[in-house]
Amino acid sequence: MNRRHSTHEIFRALDSARAEGITNLDVDLIRGSMGQGVQEMLNDIQGLEDAAIPSVTSYQFCLKPKTLDFKRFQGVSQDEKDRIYLHLLFLEGMKDQGRFHYPVDWFPMDEAHVYRHQVLKWKDQLTQVIVGRAAYGYVGGIQFFNHEDTAVYSDSIRAGKLPIAKGIRLTSEE
């Protein structure tokens, strides 16, 4: 997917977090990217199990305007049947690992790994402070968006500043 990190780096980051005593981890997995096939999906599913990831949040890949992927794959379409098959394969893989399914394709292993903030976030719109490039959160009625550009995000952190690009006050309906 043209990410700035490799599978090896992901596992190294997980090992580092565990070495620091952080064990309640969640991995975001974007699935169904352009060109992803059955074997790649099976590898992802097996990798989650091998790494003993307690919670997985997964999102179906979609092309978003103004992204490198949008420019790279503009005019290319994915077969809808293949996308559905990969989605069902992923759901079955999570079920086979003993995970249960929450909204937004979130698959914790057990109740101990249910992130209370996820449940509350969907029910009560509570404060969500999120770390990461291009991530977004919600604090005090304002949805904020972190910088998308890796260099700008990193420079903000190094300068001791929050890496927030913009914030929007949301109405109660939003």
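Two strands count as paired when DSSP finds at least two bridges between them. By that criterion, β4, β5 and β6 of this predicted model form an open sheet, in the order β4-β5-β6 and with antiparallel pairing. β4 (136-139) and β6 (164-169) each have a single partner strand and stand at the edges, so one side of each lacks a neighbour in the sheet. On average, and with direction ignored, neighbouring strands here are turned by 25° against each other. Four bridges join β4 to β5 (residues 142-146) in the antiparallel sense; within this pairing, Gly137 has Phe144 of β5 as its bridge partner.

The protein as a whole has six helices and six strands, arranged along the sequence as α-β-α-β-α-α-β-α-β-β-α-β. Some overall values follow.

| Property of the protein | Value |
|---|---|
| Residues that count as buried, of 174 residues | 30% |
| Contacts joining residues at least 24 apart, among those between residues at least 6 apart in sequence | 52% |

Nonpolar side chains in soluble globular proteins tend to be buried together. In this model the largest nonpolar core has 17 residues, and Leu48, Ile53, Val56 and Phe90 have the most contacts inside it. At least two core residues come from each of α1 (7-19), β1 (26-31), α2 (38-50) and α4 (80-96). The largest share, five residues, is supplied by α4.

Which residues is Ile53 in contact with, leaving aside its neighbours within four places in sequence? They are Leu14, Arg18, Val27, Leu48, Arg99 and Met109.

Definitions and conventions. Residues are numbered from 1 along each chain as its sequence is written. This is a predicted model: local features need pLDDT of at least 70, side-chain atom pairs count only at pLDDT 80 or more; totals for chains, interfaces and linings use all residues. Side-chain values use heavy atoms; hydrogens and water are left out. A nonpolar core is a set of buried Ala, Val, Leu, Ile, Met, Phe, Trp, Tyr and Cys residues joined through side-chain atoms within 4.5 Å. Buried means under 20% relative accessible area, exposed over 50%, partly exposed in between (1.4 Å probe, protein chains only). Contact means heavy atoms within 4.5 Å. Axes are lines fitted to C-alpha atoms, for helices over the stretch in contact, and angles run from 0 to 180 degrees between N-to-C directions.
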